[in-house]
Amino acid sequence: MAGSWGCPHEVDDRCTRVNNLPCNPGMKGCELAGRYRFADDSKNERYWEKRAREEQVAARDRSPGGT
Ligand code: SF4
């Protein structure tokens, strides 16, 4: 996807990071996956996993005498 943001892995609209597949920001293996929330919720699995993990850590840190 040619856009204003230039992904270093994109060459001729292909993703050199994911098997030279057509660039599809947020797809599995994309470096953006898990770092941002996408309008297409099917791309957000990693994002929500990370959020859930961060929440668990935060909850543990908040608990008195937590380990
Ligand atoms: S799919 Fe992601 S990592 Fe691959 S070229 Fe596109 S933006 Fe970059």
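Colleague: What makes the span of helix α1 (residues 45–62) close to the value expected?

Modeller: Helix α1 has 18 residues and reaches 26 Å from its first C-alpha to its last. The expected span of a helix is 1.5 Å times one less than its number of residues. For α1 the rule gives 26 Å, and the helix is close to it. The model is a predicted one, in which local features need pLDDT of at least 70 and side-chain atom pairs count only at pLDDT 80 or more, while totals for chains, interfaces and linings use all residues. Residues are numbered from 1 along each chain as its sequence is written.

Colleague: Why is α1 said to lie largely in the open?

Modeller: A residue is buried if 20 or more other C-beta atoms lie within 10 Å of its own, exposed if 12 or fewer, and partly exposed in between, with C-beta atoms placed from the backbone. Of the 18 residues of α1, zero are buried, so the helix lies largely in the open. Glutamine 56, in helix α1, is exposed because 10 other C-beta atoms lie within 10 Å.

Colleague: What are the elements of the protein, and in what pattern do they follow the sequence?

Modeller: There are one helix and three strands, and the pattern along the sequence is β-β-β-α. Helices (H or I, at least four residues) and strands (E, at least two) are DSSP runs, numbered from the N terminus.

Colleague: How do you know that β1 is paired with β2?

Modeller: Two strands pair if DSSP finds at least two bridges between them. Two bridges join β1 to β2 (residues 14–15), and the strands run antiparallel. Glutamate 10 has cysteine 15, in β2, as its bridge partner. The three strands form an open sheet in the order β1-β2-β3, with antiparallel pairing. β1 (10–11) and β3 (21–22) each have a single partner strand and stand at the edges, so one side of each is left without a neighbour in the sheet.

Colleague: What is the phi of aspartate 13, and what is that of asparagine 20?

Modeller: Aspartate 13 has a positive phi near 65° and is not glycine. It sits in the loop between β1 and β2. Asparagine 20, also not a glycine, has a positive phi of about 60°, and its place is the loop between β2 and β3.

Colleague: How does the radius of gyration of the protein compare with that of a compact globule?

Modeller: The radius of gyration is taken over C-alpha atoms, and the globule rule is 2.2 Å times the number of residues to the power 0.38. A compact globule of 67 residues would have a value near 11 Å, but the protein has 16 Å. The C-alpha trace spans about 55 × 20 × 20 Å along its principal axes. Of the 67 residues, 7% count as buried.

Colleague: Which residues come nearest to the ligand?

Modeller: A residue is near a molecule or strand if its C-beta atom, placed from the backbone, lies within 6 Å of it. Of the 13 residues around the ligand, Cys7, Glu10, Cys15, Cys23 and Cys30 come nearest.
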